[in-house]
Amino acid sequence: MKISAESRDNIVVLTLKGNLLGGPDADSFYNEVKSFLDKGNRQFVLDLSNVKLMNSSGLGILIKALKPVREAGGDFHLASVTEKIDSLFMITKLYQVFKSFPNVEQASRAFE
Amino acid sequence: MNPAGPESAMSVHNSGPERDVLDALRQLVERLEGLRQQKPAPSSQASSAWLLHVRQALEELDVSTARLRDLLEPARTLRENHLLREIGRRLGTDLGTESLALLIMDTLGGVVDFDAAGIYFLDPRDATIRWESLRGYDTDKLHLVRQKLDRGIMGWIARHKVSVVLPDVRVDPRYFNARDHTLSELVVPILLEDRIIGFFNLESDRIASYGEQEQILMEVLASQVAQTVENTLLRADREERRRVQADLKVARSIQRSLLPKTDLHLHDVEVAGLNLPSTEVGGDYFDHFMITPQDIGLVIADVAGKGIPASLLMASVRTGIHILTQYRLDMAGMLSHLNEHLLEVTAADSFVTVFYAVYHRPSRRLTYVNAGHNPPQLLRRATGALESLETGGLILGAFRDAHYELGFVDLEPGDRLFFYTDGLNETENAGGREFGLEGIAQALRDADRLDARGLLQHELAALRLHAGLHERVTRFPDDLTLMALVCADE
């Protein structure tokens, strides 16, 4: 998995590419989020348009990173969730926790 | 002395061509002594002729010495070979590294000259001396010997990882004096791959005792020692793996004992389940048990992740469900309790999906809570329609204050309910296509006349066919758990 980050108007857009299946990706994503939190960022948009595969360990990665964000009073907004990953969020009912938007634009605007 | 041993080789120079060379040498020494006594006054006419004679004698001395060395060489090689062979032989036995080092120390005397010697093994954690064997040092100077490791040539070698010959220690600033008589020194590191695990250190009271040959020999010995260390480590590693494997087998049998031992066969309903972990132990779980003679408890659960951590959490889920069932809590409240309990014991990136249901036999009503689990599929006998049992709430063990909703569904005679974990629908074929809900549904429909156990076997067969696996394969890429409830036909 590759992570690229971009900060616009205090909103951090994290773009994930590849597969989110746990393993070594877990730490790199968590550390990325933590480093932005340490810089004072609180609002995150997670662009999932390029994530092909995700399993329960991959969900675990997002859940783990969400915790410190919420504790700091911030939030994650999901953007461009593909059909397959959408069903994973449906089954686990994680849409009760993660707000999802059709694209990065709308996910960012929802923070305003 | 053993006449067949290496020492017999030493007698070689007492006869034959060796004697001729020795005689020649003796004569040369006498000639030089004579020349020394006849030394003329400097810058006299005789002095240049005298110098010519001396030079000639010295050249002959060189030639004879070289000849003698060549003649003695086979004897020396023989002794070296004997030492190496002996070490090689002992390597085949269960000789420990330290015993090998001692053997080398004991046998080395016949091959290389030394007045003091040390073998050191280092502790890999902090590079201090773990084990040592010393010869020829004053007992009251042993503390100095140990300092050689940091301050002497060994400290230098630790950084450069090559062996070093010091022909004259008095002129080498790297030498650390722990013995007053020492004039030359040879230090060879014992290297395991790129790591220094010890040193050989030889000291001699003579100048230039050690040359390339001694250096090479000691390097060979050092590599032999490194080899035994490696073998010992590999053996320990193998034993450790065997032990872990044995522990896993025990864990697997404990885990198996947590699952129902038999299928449930009642006149109106039957339930069967199977659990195939992808490693020795897994994080999946199914259960069916009689709460009352009318009520059957049904559980399928999946812990995120695999292996031992997942299996421990799975045991915790099972205990939680069985205890909470006894308290007769309402099912939604029960799942909230279980969630709070699991929050305490799960890692930040771990969670559990659980489908919990109670089937009331007289009314054929299934009351259930789906906590983030793959929805069980209900195949209606009358219509052939498929229903997904989704009502419930969030996955367990990840978020505080989760609330759960109850779902209800009334079963009819001949209806069949199929429970599974994501190992089933997510298994891909060679083309990367998942078995999916379509695969599950198709197999369910194809098996609509089979009993509960037969239905599970049919799903498995369909999965193997999809994934291109042999019909005897029981280990899949992910943990796999299936359960089926079949209502009897009227």
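**Cores, sheet and chain contact in a predicted model**

Tutor: In this predicted model, the largest nonpolar core has 97 residues, and B:Val352, B:Tyr356 and B:Ala484 touch the most other members. A nonpolar core is a set of buried Ala, Val, Leu, Ile, Met, Phe, Trp, Tyr and Cys residues joined through C-beta atoms within 7 Å. Buried means that 20 or more other C-beta atoms lie within 10 Å of the residue's own, with C-beta atoms placed from the backbone.

Student: Which element gives the most to this core?

Tutor: Helix 2 of chain A, with 7 residues. Helices (H or I, at least four residues) and strands (E, at least two) are DSSP runs, numbered from the N terminus.

Student: What is B:Val352 in contact with, leaving aside neighbours within four places in sequence?

Tutor: Its partners include B:Ala301, B:Val303, B:Leu313, B:Ile395 and B:Gly397. Contact means that the C-beta atoms of two residues, placed from the backbone, lie within 7 Å.

Student: And which residues does the second core include?

Tutor: That separate core of 34 residues includes B:Met154, B:Ile197, B:Phe200 and B:Met218.

Student: Switching to the sheet in chain B: what is the strand order?

Tutor: The order is 2-1-5-4-3, in an open sheet with antiparallel pairing. Two strands pair if DSSP finds at least two bridges between them. Strand 2 (129-135) and strand 3 (164-166) of chain B are the edges, each pairing on one side only.

Student: How many bridges join strand 1 and strand 5 of chain B?

Tutor: There are 6, between residues 116-122 and residues 195-204. B:Phe121, for instance, has B:Gly198 as its bridge partner in strand 5 of chain B.

Student: What does helix 6 of chain B touch on the sheet?

Tutor: Helix 6 (residues 212-257) touches strand 3, strand 4 and strand 5 of chain B, and makes about 30° with the direction of strand 4. Angles run from 0 to 180 degrees between N-to-C directions, and axes are lines fitted to C-alpha atoms, for helices over the stretch in contact.

Student: Now chain A. How many of its residues are in contact with chain B?

Tutor: 14 residues of chain A, against 17 residues of chain B. Helix 2 (residues 56-71) of chain A gives the most to the chain A side, with 7 residues.

Student: How many helices and strands are in chain A?

Tutor: Chain A has 4 helices and 5 strands, and 39% of its 112 residues count as buried.

Student: What about numbering and confidence limits?

Tutor: Residues are numbered from 1 along each chain as its sequence is written, with chains lettered from A and ligands numbered from 1 in the order in which they are written. Local features need pLDDT of at least 70 and side-chain atom pairs count only at pLDDT 80 or more, while totals for chains, interfaces and linings use all residues.

Notes: Buried ≥ 20, exposed ≤ 12 C-beta atoms within 10 Å, placed from the backbone.
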